[in-house]
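Welcome to a short tour of one protein model, written for someone who likes to look at spaces, surfaces and charges. Please keep the viewer open while you read.

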Amino acid sequence: MVGGQSNGRWIVPLVGVVGMLGAAAAPAGAADLGGNCCADLEERIAELEATTARKGNRKVSLTISGWVNEAVLFWDDGAESNAYVGTNSLEEDRVRFTGEAKITDGWSAGYTLEVGLWGSELKGTSQAVPNGTDSVNPTVDGLRVRKSSWFVKSKDLGRLLVGQDGSATYHLIDDVDQTLTRNVSDFEAAGTAIGAFKTREGGVIGNAWTDYMGGFNNSTPGQNGRRNIVRYDTPTFANFTVSAAWGEDDLWDVALSYKGDIGDFKVVARAGYGESTSAGASGIGGCKPLPGVSNGDCQWWGAGASILHAPTGLYVYGGYAETQLDVIGVHDGDSETYFIQTGIEKKWFSLGKTNIFGEYRHDNVGVSKKAEQSDLDFWAAGVAQNVENAETTFYAAYRQYDGDVQKALGGPWTSLDSFHVVITGAKIN
């Protein structure tokens, strides 16, 4: 009391002194930032290490990542329309485990284990099947091992990989897409989005659209898939990388990749070639066999590029690819695809980048499962909005399918009714 009145100026310092005396007399707590801060920090680090997935192994790292990609599919085949909810098969749900350990200066070893998951796989849906299944593992709710591989890498000599993983021409043209459409609408998207839906001819239901399409990876010529392989990737020289892979019974492929800036333009380009001598019933080596055919081989090649003007966000992305199926004792079939997409991707809002695009793909198909020749057109347009703070991309795209097929050698051509698709959803990392 001063002059018979309390003085607040003395209360705060007094409380502070008492607090410091109490802290000095008591053991250091979890929030102690005094003289024992280093010991407390070490204790916190030890506690965090004890709760991480890499407990017990301080040499090999573990990173867990992945995404969920669910969508609503609206479709109209001219005689019937409906809407399904399911996993977007273009980039299905997945969990990925990766890690790496240093061997010595410039050398490391690592691994990838990736599992794909789905509730209802949209790639398996059709007019009669609202809950899609996987053709290999026919269950509505399922999972599959997408990748299981290890590698040894040298800064100067490149990387050697062994296991189930992408071959050299895996996503050959898909992966030159450097915009948000890589997860919304890439080179393979038309073959994936059509799922198992059937065509109509004058309103009468017919064979599946994919029965008239070529290629053996999502009905798209010129690209290979994930295989059991040995793969080598060179170090990057002047923005170029060379990849080569061999495996299964038997396939091999090579690819040349470029990624770099040329003035204000960001450029990504790839070209590759591959062969497989296995056209067995399972198509293990990469060839997509014809019904009742278990011999033959196939070759495929393709090239693609994307060019993005950084200041404006304007871009063009496209590619050309072929697959040739040589069937012993029957006949040969060549399928070709050319594709172009153009649009603009720019950050107009604080949320993140916006992509507005349009695209066209044309397939000239030789022999397929149900036809001698097919002439198919695929149109698409859409928008994708990234939300940076949520690591999420929302998207909506419209697709139209048209075509003519010749079912028998020398027979008449049949026009297919237009098929319309709208797919909208979100991918959250």
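The lining of the second largest pocket is made up of 12 charged, 5 polar and 4 nonpolar residues. Please bear in mind that this is a predicted model. The pocket holds about 430 Å³. Its lining counts 21 residues, and Lys147, Asp165, Tyr170, Asp175 and Arg231 are the ones that lie nearest the centre. Four strands each supply at least two residues of this lining: S3 (93–104), S4 (107–118), S5 (142–154) and S6 (158–166).

## A closed space

Now for the cavities. The whole structure has 2 cavities of 30 Å³ or more. Helix H3 (189–193) and strand S18 (392–406) are the elements that give two or more residues to its lining. H3 provides the largest share, 3 residues. In total 13 residues line this cavity, with Asn88, Leu90, Thr192, Ala193 and Ile423 nearest its centre. By type, the lining of the second largest cavity divides into 8 nonpolar, 3 polar and 2 charged residues.

## Salt bridges

Side chains of opposite charge can pair when their charged atoms come close. How many salt bridges does the count come to? The count is 23 salt bridges.

| Pair | N to O distance |
|---|---|
| Asp77 and Arg200 | 2.6 Å |
| Lys407 and Glu201 | 2.8 Å |
| Arg361 and Asp363 | 2.9 Å |

Let us take the pairs in turn. The salt bridge between Asp77 and Arg200 has an N to O distance of 2.6 Å. Asp77 sits in the loop between strand S1 (63–76) and strand S2 (81–87), while Arg200 is in strand S7 (residues 198–201), so this pair ties together parts that are 123 residues apart in sequence. Asp77 and Arg200 are buried.

In the salt bridge of Lys407 with Glu201, the closest N and O atoms are 2.8 Å apart. Glu201 lies in strand S7 and Lys407 in the loop between S18 and strand S19 (413–428), so the two tie together parts that are 206 residues apart in sequence. Is Lys407 buried, partly exposed or exposed? Lys407 counts as partly exposed, because its relative accessibility is 38% and the partly exposed class runs between under 20% for buried and over 50% for exposed.

As for the pair Arg361 and Asp363, both residues are buried.

## A nonpolar patch outside

The last stop is on the surface. Which residues form a nonpolar patch there? They are Leu160, Val230, Tyr232, Trp246, Trp252 and Val254, and together they have about 520 Å² of accessible area. Strand S9 (226–233) and strand S11 (251–262) are the elements that give two or more residues to the patch. Trp252 is found in strand S11. With a relative accessible area of 35%, Trp252 is partly exposed.

Definitions and conventions:
Residues numbered from 1 in each chain as written. Predicted model: local features only at pLDDT ≥ 70, side-chain atom pairs only at ≥ 80, totals over all residues. Heavy atoms only, no water. 1 Å grid on protein atoms, 1.4 Å probe; cavity = no way out; pocket = protein on both sides within 12 Å on 5 of 7 lines; lining within 4 Å. Points joined across faces, edges and corners; volume = space filled by probe spheres on them. Nonpolar A, V, L, I, M, F, W, Y, C, P; charged D, E, K, R; others polar. Patch = residues over 30% accessible without salt bridge, like charges linked within 9 Å, V, L, I, M, F, W, Y side chains within 5 Å. Areas by Shrake-Rupley, 256 points an atom, 1.4 Å probe, with all protein chains shown as cover. Salt bridge = Lys/Arg side-chain N within 4 Å of Asp/Glu carboxyl O. Buried < 20%, exposed > 50% of the residue type's maximum accessible area, 1.4 Å probe, protein only.
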